[in-house]
Amino acid sequence: MSMSATIDQRPAWRALQSHAEEMRNVHLRELFAEQPGRFAHFQRQAAGLALDLSKQRWRPKTFELLLDLAREAEVPRAIEDLLSGERVNRSEDRPALHTALRLPADASLVVDGEDLVPGVHRSLARMTTMVEKFHAGQWRGTTGQPIRDVVNLGVGGSDLGPLMVTHALADYRPAGAYEINVHFASTMDGSQLADYLSRFNPETTLFVLSSKSFTTIDTLSNAQTARDWLLSRLGDAERELAVEVDRDLVMRQHFIGVSASPKKMAEWGIAEANQLEFWDWVGGRYSLWGAIGLPIALVIGMEGFRELLAGAHDMDRHFREAPLEDNLPVLLALAGIWNVNFLDIRAHSILPYDGRLEYFSSYLEQLEMESNGKSVTHDGQDASYSTCPVLWGQLGPNAQHAFYQLLHQGTQAVECDFIAPLRRYDDVTDAATRTHLMNQHRLTLANCFAQSRVLMLGDDAIDEPGERPSHKRYRGNQPSTTLLLDRLTPRTLGALIALYEHKVFVQATIWDINPFDQWGVELGKQIAGETERILASHQGIETMDDSTRGLIEALWRTEEAKGS
Ligand code: F6P
């Protein structure tokens, strides 16, 4: 925002502050009592998603004031800037154009004199060729066997999106395709990879190196281990046939690279034909929509992948066209702003009631906290207000047996997002199993609706509360949003993810921060590199603080004892 007064000095913010004083001691049960038809008033739908915001601790007046805030922060203009390719990532002086990745082929988006859409669709066409080859059983390893296990080596945005979506959409495998099992190894300690290497057949295993920068040590360490494993194990396999292992062949048949740096991929040894490139105007945590989504396409096929893109595009259009008061991402963002900045609720839990969304909260942890975990505004000033809340989550039914105790009776106020599909299992062919599973789904929805109700009403959710000891009391008044999908499909999942992406952008706009950089992760990488040099060389420990010295010496003593 190019405005002199910071957002918290502006009239709309001030009006919300004084309104928050009136609202601070108002319980959600009173809000429901005073407003018949509250659900209809605060419910909105778009792109196959329905958002119930009636359990937020707000009144229609709050809602109006928040919309004023959005207008004052020039949210509509910011949306236009984002979608039209303005350089909204100001610290890195580039656009953030993940939305371009889901534009249809007949669209056009000209940025700096170049239409980006043909390049996007060329990249999708390259992915299509690759995916079809795998699904025809024609992508073969060096010994001629079809590749069956594909391991994605990547971390952060090069892991979490594909991991989340492949799990969520595993039911959507294309019929008749040669089945490819997709796996993910992200951790730098090699523990996930070591497990795969101990079980997989190198002749039928391929690695996808996913790294926008192609410099991430976590991914490169795993990649090096994987390459050595293949070269030595395929060497063994081929020696039986008295043939020397052909390194180039191994690289061509067993490695694909996905990166914004073709040069670095080539230096690492990725064959040119196996390089999928994307652009620096796609942020890592916003990148599942293009080549980084290859593992997704390997599971659901390109048709399914294009449906995912279409769903996200539905949401992009809604975001651009819907008025603020009906705009799902804007409303989700405003609910968050109201909680964080005016009700002092700085914890946010994501609670899907569908096992297929197991990784959705981890995905959102990166999307929200790496994007908006910032304290400096666009002009380099310290923000004088809170920004991103601490966000975490777990499958709702499992979390009920873990941390819901804190939600119900702890001292923290927490905003919750409940997410569930209405329809599930109605396509299971075996009738008896279908009935059982549909009943399980109904049970799950009952739990979802019950939990948000108890969090809202507390003891008042019980018909006849009566006298109860204090340890059995529920105070309620925890705000929540419920997000219902008609059905979890590639299309609705695309819309759901885009909804959260745009929510993050709207909040960043109001907070006047850049959601598209992540400078806060750099220092840790640098210091880890220096620390590793000290660990290996045994030199420079005197520059360390006392605690770190103690830890390093503990490691050295262990190494000496083992004689390593
Ligand atoms: O360290 C943070 C980060 O840069 C994330 O933003 C990114 O998604 C992840 O690391 C992986 O980066 P890359 O895709 O360049 O390997």
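Predicted model: local features only at pLDDT ≥ 70, side-chain atom pairs only at ≥ 80, totals over all residues.
Residues are numbered from 1 along each chain as its sequence is written, and side-chain values use heavy atoms, with hydrogens and water left out.

Let me begin with the ligand, which is surrounded by 14 residues, each with a heavy atom within 4 Å of it; the closest are Gly 157, Ser 158, Ser 211, Ser 213 and Thr 216.

Turning to polar contacts, which are pairs of N or O atoms within 3.5 Å, a polar side-chain atom of Thr 216 lies 2.5 Å from an oxygen atom of the ligand, and for Glu 370 the corresponding distance to a ligand oxygen is 2.8 Å. Lys 525 also places a polar side-chain atom 3.0 Å from an oxygen atom of the ligand. Taken alone, the ligand exposes 390 Å², of which the protein buries 87%, with accessible areas taken from the Shrake-Rupley method with a 1.4 Å probe.

A pocket here is an open set of points on a 1 Å grid over the protein atoms alone, where a 1.4 Å probe fits, with protein on both sides within 12 Å along at least five of seven lines, and lining residues have an atom within 4 Å of a point. Of the 39 lining residues, those closest to the pocket's centre include Thr 216 and Lys 525, and the largest share of the lining, six residues, comes from α19.

How values were computed
Polar contact = N/O pair within 3.5 Å; in protein donor to acceptor, adjacent residues only side chain to side chain. Helix = DSSP H or I, 4+ residues; strand = E, 2+ residues; numbered from the N terminus.
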